[in-house]
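Here's a quick briefing to read with the structure open beside you. Have a look at the model, then go through the points below.

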Amino acid sequence: MASPQANAVTNQVVTRFAPSPTGFLHIGGARTALFNWLYARHHGGKALLRIEDTDKKRSTQEAIDAILDGLDWLGLDYDEAPVFQSQQAARHAEIAGKLLEAGHAYKCFATSEELEAMRAEQRANKQPMRYDGRWRDRDPAEAPAGAPFTVRLKTPQEGQATIRDEVQGEVSVKNAELDDYIILRADGTPTYMLAAVVDDHDMGVTHVIRGDDHLNNAFRQLPIYTAMDAIEGGWPAPTYAHVPLIHGSDGAKLSKRHGALGAETYRDEYGILPEALFNYLLRLGWGHGDREEITRAEAIELFDLSGVGKSPSRFDLKKLENLNGHYIRESDDAVLAPLVAARIEGDCDTDLLAQAMPVLKTRAKNLDELAEGAAFLFAKRPLSMTEKAAKLLDEDGRSRLTAISAALAKEKSWTIGALEATTKSLAEELELGLGKLAQPMRAALTGTTTSPGIFDVLVLLGREESLARIDAQAA
């Protein structure tokens, strides 16, 4: 792992994203990862990844894979291999031993029954639920021989601690509000509070950027830094930045009904492009003037913690989809084509899809809409008809298709301009508006009443297929 002393000398910014692999990479976690990544990249520092997999009952390889896949899809790369917290348990226990030896921690022999009785009394007296320090100053020799024990941190009891948070500003907590929490369980395994501090130190983390639901944890973790700095030096506390959480569009805590889903869901089920989700997450709680559309390169150049707001941001799926529509229109057609092809049943020609993209993507807000719009290109005859399309192919509609087929069959130049001129000429000859010909023609060619421009459709399908589809529905 990196040396924090080296980082202090070089003034290199080091951030970390530290997810627990108990589920997917949800929207809140993805934004935390993005902010950490951007801060490191903006300052020319290092972005690191730590998988906090100490909860073996809930951590799964499937979740680890989903998190890594989601980060990769968003384009968030890391400067070192991921650190797995479960593999550092011996190091965590070593630090607990140093704290114990130096008197900054102590052995607690309280049984689970004693602690439950303590909590019951606190509930009855309507007191805060805190460990009462019953073993803080007792001699371990008072405990029965061989009795199991936990190791608790001896936290300050007087005065207050103050954090100058890069987002929240100056925040203070009275030390009396903190209890002596467990840093090493009875089975010798470390708790989150100890493991996170030791890992952040050993990884050389200089800035901890995370959700403001962790703000209280910062005050509980600071005494470990203070104690270890006194023991061996070189344990400066990191700079903290606690970012307000994301709420739903109604202002309530974000849940699945609001869109608190995994990154892979937005990719696989919603058809969102990574560039769009990157941009949208960036704007959830951070801003630069009135800018809405910000490229990755611009984000790296502009991002800093001063732009992070103090109020919770609101997740709005419609805004995400509108932004996604922008990125679809900006995307290279050759890049979009295989993404859309994967959403179309059966075989499809990606070259033809790429050719069709300019007319398909003008209004599409997601990849599914692109796939739906492109489906007519690969439909097999006889085409299935929507109810509205079938109504256009009444006796008059089929009669007009016969006239259209005859006129188009004579067309030597199968281009948009030539086909449009021929069709307009036929409409004038039949004393009809152009729409009276275009509507049944669209139904016959696509099986629907909505499609790209009808002459674009004719060119994309080609002469042979276009005439065959028209003739199949003509009178």
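**A loop residue that reaches a helix**

The side chains of Glu411 and Thr422 are joined by a polar contact of 2.4 Å (a pair of N or O atoms within 3.5 Å; within protein, one must be able to donate a hydrogen and the other to accept it, and residues adjacent in sequence count only if both atoms are side-chain atoms). Before going on, note that this is a predicted model, where local features need pLDDT of at least 70 and side-chain atom pairs count only at pLDDT 80 or more, while totals for chains, interfaces and linings use all residues. Residues are numbered from 1 along each chain as its sequence is written, and side-chain values use heavy atoms, with hydrogens and water left out.

**More on Glu411**

- Glu411 sits in the loop between α16 (395–409) and α17; helices (H or I, at least four residues) and strands (E, at least two) are DSSP runs, numbered from the N terminus.
- Is Glu411 buried or exposed? Glu411 is buried, with a relative accessible area of 13% (buried means under 20%, exposed over 50%, partly exposed in between, with a 1.4 Å probe and protein chains only).
- Eleven residues separate Glu411 and Thr422 along the chain, and their C-alpha atoms are 7.6 Å apart.
- Setting aside neighbours within four places in sequence, Glu411 is in contact with Ala418, Leu419, Thr422 and Arg463 (contact means heavy atoms within 4.5 Å).

**Helices α17 and α18**

- Helix α17 (residues 416–429) packs with helix α18 (residues 434–446) at an angle of about 120°, their axes 8 Å apart; axes are lines fitted to C-alpha atoms, for helices over the stretch in contact, and angles run from 0 to 180 degrees between N-to-C directions.
- The two helices, α17 and α18, are therefore oblique to each other (under 35 degrees counts as roughly parallel, over 145 as roughly antiparallel, 65 to 115 as roughly perpendicular and the rest as oblique).
- On the α17 side the contact is made by Thr423, Lys424, Leu426 and Ala427, and on the α18 side by Leu434, Leu437 and Met441.
- Gly435 belongs to helix α18 and counts as partly exposed, at 35% relative accessibility.
- The C-alpha atoms of Gly435 and Lys424 are 9.8 Å from each other, with the two residues eleven apart along the chain.
- Glu431 is in the loop between α17 and α18. Glu431 isn't a glycine, yet has a positive phi of about 55°, and counts as exposed at 71% relative accessibility.

**Helices α4 and α7**

- Helix α4 (residues 89–101) and helix α7 (residues 215–232) pack with their axes 10 Å apart, at an angle of about 75°. That makes α4 roughly perpendicular to α7.
- Which residues meet here in α4 and α7? Ile95, Lys98 and Leu99 come from α4, and Ile224, Ala227, Met228, Ile231 and Glu232 from α7.

**Helix α11**

- Helix α11 (residues 317–330) has 14 residues and reaches 20 Å from its first C-alpha to its last, close to the 20 Å expected at 1.5 Å a residue (the expected span is 1.5 Å times one less than the number of residues).
- Asp316 caps the N-terminal end of α11, with a side-chain oxygen 3.0 Å from the backbone nitrogen of Lys318.
- The buried residues in α11 are Leu320, Leu323, Asn324, Gly325, His326, Tyr327 and Ile328. They pack against α8 (263–268), α9 (274–282), α12 (333–341) and α14 (367–374).

- Ser313 is in strand β12 (residues 313–314) and is buried, with a relative accessible area of 10%. The side chain of Ser313 makes a polar contact with the side chain of Arg31, at 3.3 Å.
- Beyond its neighbours within four places in sequence, Ser313 is in contact with residues including Arg31, Leu245 and His247.
- Thr191, in the loop between β8 (182–184) and α6 (192–202), counts as buried at 12% relative accessibility. The Thr191 side chain reaches the backbone oxygen of Ile182 at 2.9 Å.

**Backbone points to check**

- Arg381 and Pro382 are joined by a cis peptide bond, with omega about 0°. Pro382 is in the loop between α14 and α15 (387–392).
- Lys126 has a positive phi, near 55°, in a residue other than glycine. Lys126 is in the loop between α5 (112–124) and β5 (150–153) and counts as exposed at 76% relative accessibility.
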